[in-house]
Amino acid sequence: MYVYQEHDQQLLNERVAQYRDQTRRYLAGELSEDEFLALRLQNGLYIQRYAPMLRIAVPYGLLSSRQLRRLAHISRTYDKGFAHVSTRQNVQMNWPALEDVPDILAELADVQMHAIQTSGNCIRNTTTDEYAGVNPKEIEDPRPWCEIIRQWSTFNPEFAYLPRKFKIAVNAVPDEDPAIIGVHDIGVQLVHNDAGETGFQVWAGGGLGRTPMTGAVIGEFVPWQHLLSYLESILRVYNKYGNRDNKYKARIKILVKALGADKYRELVEEEFAELKDGPMTLTEAEVARIQACFTDVEYRSDVDTSELDALLADNKAFNRWYHTNTRPHKQAGYRAVTLTLKKTGRVPGDISDEQLDAVADLADKYSFGEIRNSHQQNMVFSDVAASDLFALWQELDALGFATPNLGLLTDMVCCPGGDLCALANAKSIPVAESIQRRFDDMDYLHDLGKIDLNISGCMNACGHHHIGHIGILGVDKKGKEFYQVTLGGRGDRESKVGEKMGPSFESDEITDVIEKIIGLYVEKRLENEPFIDTYERIGMDPFKEHIYG
Amino acid sequence: MGKVIIDGAIVDNEWARLEADALEAGLPDGKVIVPLAYWQENRDTLMTRGDVAVWLAPGEEPKDLADDLSALSLVAIHFPAFKDGRGYSYARELRTRFAFKGEVRATGDVLRDQLFYLARCGFNAFEVREDRSIEEAVASLKDFTVRYQGDVNDPRPIYRQA
């Protein structure tokens with residue numbers, strides 16, 4: 001992974017000092033609420049329903065075991081012993097004291113971590129495929145490009161007061177969208193041209209939230225040297241022309257839609273003509289320097305896989321876990337293992353301080369000391385030797401991270417919702433738990449196959465409900481919690497926004513509704529047909545009729 | 001006379017920024033910064049005076065002044081609210097696209113916590129909001145010694161800095 005040089009560390013140290021002083025001035029009454037709001041948000045600090053929430057940046061989801069242990073320490077010392085993996089691959093703490101945040105930042109800076117731009121109207125954490133670098137389907141490791149974007153976006157002076165938040169994602173897998181770039185403000189698709197040169201197809205204007213939509217291709221092929229100049233051009237157009245009167249119309253998607261992709265492209269090209277070949281042009285030396293940071297894993301060429309087949313044949317539980325929670329790897333003899341943070345009875349994406357420590361130990365033992373957060377709120381050990389899988393499975397099982405439900409109905413994405421979040425219209429965690437309890441038969445879940453169920457407590461869509469095959473959105477009706485259901489969203493092969501099924505449901509109805517939807521799917525599906533394919537084949541009407549009819 | 005930060009030093013503010021309604025009675029003597037619309041209406045006479053500058057509100061872009069920049073020693077960019085970040089791009093354009101060498105001044109809701117970014121985008125003068133300490137604000141120009149990106153003062157990004 002990227003290891004800080006002296007200047008990277010210096011920057012973080014200066015940031016801690018700056019934020020410490022900002023906090024001091026706020027507490028001394030020298031900064032108004034509104035002035036401090038913008039400053040603390042750019043540092044990931046929200047004031048929530050019961051306490052502040054601090055969102056800590058995990059660049060493209062990648063963590064070292066040392067960093068994970070520091071998160072454990074912080075959650076133990078400054079919080080209630082829990083951390084939460086977010087859909088931007090970040091980590092959230094739900095109970096820090098505002099006064100402690102400067103000390104927390106100092107603790108983070110000590111392990112090359114921070115909370116810079118994890119909120120606010122600025123460029124947020126760049127995300128990518130959680131299997132980046134080991135995914136056999138990718139054409140190139142996207143992480144070096146994420147790191148290059150991270151550095152360009154960190155404290156970028158021109159883009160700290162944008163009309164609205166701004167999210168960039170990078171994907172290197174053709175014909176799939178594991179980083180859901182289609183629903184990002186900017187989506188960057190790595191491509192190779194006929195000459196084999198690296199470039200980027202650049203999308204803009206996608207996003208979830210109140211007005212969900214997929215983006216449009218703005219740059220068909222941007223040569224790698226010009227990635228940053230091109231991104232800067234898109235951002236400058238947005239900074240100048242994005243709506244600033246109405247925050248619900250302020251995202252880039254609204255601007256791209258209003259102008260049309262062709263006009264937006266024209267404006268970008270105008271800026272780009274000026275920046276292209278200028279000092280921002282990336283150099284081969286810089287790209288090589290960053291790429292070298294991501295090739296430091298020393299795989300063994302002598303992994304003994306001879307026992308694995310016998311173990312898989314003998315042990316049904318291990319076999320199920322292997323086929324559900326582990327994935328093929330670029331390197332022969334290795335698998336990528338997902339730790340599912342979705343055991344029934346636990347808040348999706350939550351992990352305790354002790355578990356963080358335990359996961360760090362396991363990462364050291366089995367996966368070169370690295371961990372990734374996924375946007376589906378799970379964790380990944382990307383580099384596990386096949387000969388270690390059985391032992392790792394046993395240890396994960398003891399920790400509760402081997403529930404074999406990756407990609408299944410109970411592997412839900414779920415925001416913190418009304419239990420914690422001040423923005424939420426409705427609770428989401430109890431809904432997730434109720435559904436998990438209803439669908440508690442693992443054989444049945446496997447029979448149902450892959451179903452993405454995403455839950456957001458409000459239209460800000462932190463739970464990505466629009467791109468769930470089944471989406472649940474909490475809404476408020478005269479002070480009462482209701483839930484709206486969408487069907488047909490996708491965040492897998494492609495990014496696609498789901499369709500509203502109809503009127504919303506009360507909280508005690510929603511689990512029954514999900515059961516009925518699943519019931520109809522089971523009745524209508526063809527052999528081996530996944531839920532989303534059945535939906536796309538038969539359409540919304542039969543579901544509507546079945547639920548409301 | 002108030003104070004202003006120019007090129008890192010706190011000095012007397014010689015310029016007065018005027019809103020449109022203050023100009024209804026005519027243009028006062030002395031160094032004044034007038035709205036873009038007023039400048040455009042009275043361009044020919046104002047050009048000859050030499051002590052008239054222009055301020056841009058959000059939505060008014062440097063390109064609207066492109067032909068006049070050689071006659072101006074100062075362009076102010078006004079921030080009615082610090083959260084409206086359009087002015088950052090405007091300052092940058094003034095410096096890089098239009099190669100404007102005169103003073104670029106931030107006026108309005110100008111606070112110390114934005115000064116470092118403003119300076120990097122090409123502002124060299126700051127009218128700090130009157131209820132805030134200008135001495136503390138000027139110190140914030142030294143908040144950071146490291147920059148990942150190039151900027152108006154040094155176009156080299158980190159990978160081109162020696």
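The model is predicted. Start with the fold of chain A. It contains 18 helices and 23 strands. Its C-alpha atoms fill a box of roughly 60 × 60 × 55 Å along the principal axes. The radius of gyration is 23 Å. A compact globule of 549 residues would have a value near 24 Å, so chain A agrees with that expectation.

Of the 549 residues of chain A, 63% count as buried. Take the contacts between residues at least 6 apart in sequence: 68% of them join residues at least 24 apart. The accessible surface of chain A comes to about 19,900 Å². Carbon and sulfur atoms account for 48% of that surface. Chain A carries 60 positive and 82 negative charges.

Now turn to the partner chain. The size of an interface is often given as the accessible area lost when the parts come together. Here chain A and chain B bury about 3,700 Å² between them. Carbon and sulfur atoms hold 51% of this buried area. Tyr117(B), Tyr148(B) and Tyr159(B) supply 21% of the area that chain B buries against chain A. In residue terms, the contact takes 47 residues from chain A and 34 residues from chain B.

Asp353(A) belongs to helix α12, which spans residues 353-366. Is Asp353(A) buried or exposed? Its relative accessible area is 11%, under the 20% cut-off, so Asp353(A) is buried. Leaving aside residues up to four places away in sequence, Asp353(A) touches Ala72(A), Ser75(A), Arg76(A) and Gly81(A). Gln189(A) lies 164 residues from Asp353(A) along the chain, and their C-alpha atoms are separated by 36 Å.

Ile180(A) sits in the loop between β7 (168-171) and β8 (186-192). Its phi is near 40°, a positive value in a residue other than glycine. Ile180(A) has a relative accessible area of 2%, so it is buried.

His464(A) lies in the loop between β17 (453-456) and β18 (470-477). His464(A) is not a glycine, yet its phi is positive, at about 55°. With a relative accessible area of 10%, His464(A) is buried.

Notes. Residues numbered from 1 in each chain as written. Chains lettered and ligands numbered in written order. Predicted model: local features only at pLDDT ≥ 70, side-chain atom pairs only at ≥ 80, totals over all residues. Heavy atoms only, no water. Helix = DSSP H or I, 4+ residues; strand = E, 2+ residues; numbered from the N terminus. Rg over C-alpha atoms; globule rule 2.2 N^0.38 Å. Buried < 20%, exposed > 50% of the residue type's maximum accessible area, 1.4 Å probe, protein only. Contact = heavy atoms within 4.5 Å. Areas by Shrake-Rupley, 256 points an atom, 1.4 Å probe, with all protein chains shown as cover. Lys, Arg positive; Asp, Glu negative; His and termini not counted. Charge placed at Lys NZ, Arg CZ, Asp CG, Glu CD. Buried area = accessible area lost by both parts, 1.4 Å probe.
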